Amino acid sequence: MEKQKNILDYDTVALDEAQDAVIIIDQTLLPGKIELIALHTAQEMWDAIYLLKVRGAPAIGVAAALGIYLLANRIETEDFEEFYQKFTEYKEYLDSSRPTAVNLSWALKRMDAVAVKAGREEHKTVAKVKEILHDEALQIRAEDVEVCRKIGEFGLELVKPGDGILTHCNAGQLATVKYGTATAPIYLGQERGYNFHVFADETRPLLQGARLTAFELHSAGVDVTLICDNMSASVMSKGWVQAVFVGCDRVAANGDTANKIGTSVVAAVAKQYGVPVYICAPTSTIDMATATGADICIEQRKAEEVTEMWYKERMAPEGVKVYNPAFDVTDHELIAGIVTEYGVARAPYTESLKEIMERKAQRG
């Protein structure tokens, strides 16, 4: 009898060249149903990102890279400038799907750069440019796995066996290709017998913590307890949490970070109880051109996500005003460290993040 798959056995995002499609797990259906969907068109790719069928900064970046390759591969012309004009239209369209996650624009810019280098600077044929875009997209996907593993190794050095760890939203495997960012230390610890006790905030209003993080950690056999967002102070006050690990969608040059709404509340509570907060951030999420968190564009979502989504009946009066930002900004003063694939940055972040990015440039 074939062993039944769990959610960790599926690729979060992958390229299927036989179907000429990007294959993703439709995360809006989890945990009740695991369904893989094929994205063929630019509209389908845009919708999948905007509607959170694929979500999490690293996974969005990978999906965009694979997607722009597929779209570019269908452009029928031998003239590079004509090819590049259409490529740019696709790139800008996909980039408009979500404004806060820097990985989206980062991946598209990286794909753009290799196209320009190959086509304009090296005068390669359009066919060869398409080959280069294919290889770059798969390289971005492969790098994500390695980056997350390294983040896990550095993060694991910040905790000890038996610790309680609290996380918010989903920065797990479902937000990346493998391991996750904030969950990478947890998964590596699980492999090495650390026996962590994890508290997962449900993460209103989209419930990524309940539907995704609790689902994948439980599937992996991790000791995970689901809590409502307003219970973080309760578990911290009892001494059950020794560290907070969260992901993020953008890191400003001063160390302010934008992550799923409610993260700043967790950080403020953790400060009160002396619990260190660690942001797990691939260097692709570090935006040195953004000075502070105040400069980060925060995506505003539909009111229905608060008033109606997940409910059989509407749970708020008709006509009531709703404020629904997708993210908030955690002040750098509340952050004990930013864990990257090149090490842990600590205050002052204006200096340590610069050093991290220089280290990346030297090794890259």
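Which helix gives the most to the lining of the second largest cavity? The tour below reaches that site after two other stops.

The model is predicted: local features require pLDDT of at least 70, side-chain atom pairs count only at pLDDT 80 or more, and totals for chains, interfaces and linings use all residues. Residues are numbered from 1 along each chain as its sequence is written, and side-chain values use heavy atoms, with hydrogens and water left out.

**Stop 1: helix 2 and helix 4**

Select residues 57-73, helix 2, together with residues 102-121, helix 4. Helices (H or I, at least four residues) and strands (E, at least two) are DSSP runs, numbered from the N terminus. The two helices pack at an angle of about 30°, and their axes are 7 Å apart. Axes are lines fitted to C-alpha atoms, for helices over the stretch in contact, and angles run from 0 to 180 degrees between N-to-C directions. The crossing of helix 2 and helix 4 is right-handed (the near helix is turned clockwise from the far one by less than a right angle).

Next, display the side chains at the contact (heavy atoms within 4.5 Å). Helix 2 contributes A57, P58, I60, G61, A64, A65, I68 and Y69, while helix 4 contributes N103, L104, A107, L108 and M111. By class, these are eleven nonpolar, two polar and no charged residues. Ala, Val, Leu, Ile, Met, Phe, Trp, Tyr, Cys and Pro count as nonpolar, Asp, Glu, Lys and Arg as charged, and the others, Gly among them, as polar.

**Stop 2: the largest cavity**

The structure holds three cavities of 30 Å³ or more. A cavity is a set of points on a 1 Å grid over the protein atoms alone where a 1.4 Å probe fits but cannot get out; lining residues have an atom within 4 Å of a point. A volume is the space filled by probe spheres set on the points, which are joined across faces, edges and corners.

Select R55, G56, A57, N170 and D249, the closest to the centre of the largest cavity among its 22 lining residues. Its volume is about 180 Å³. Helix 2 gives the most to this lining, with three residues. Domain 1 (7-147) and domain 2 (159-362) both give residues to the lining, so the largest cavity lies between them; the domain bounds come from an automatic or database domain assignment.

**Stop 3: the second largest cavity**

Finally, select L39, M45, A48, I49, V54, A63, A64 and L94, which line the second largest cavity. This cavity has a volume of about 40 Å³. Helix 1 gives the most to its lining, with three residues.

Notes. On a 1 Å grid over the protein atoms alone, a cavity is a set of points where a 1.4 Å probe fits but cannot get out, and a pocket is an open set with protein on both sides within 12 Å along at least five of seven lines; lining residues have an atom within 4 Å of a point.
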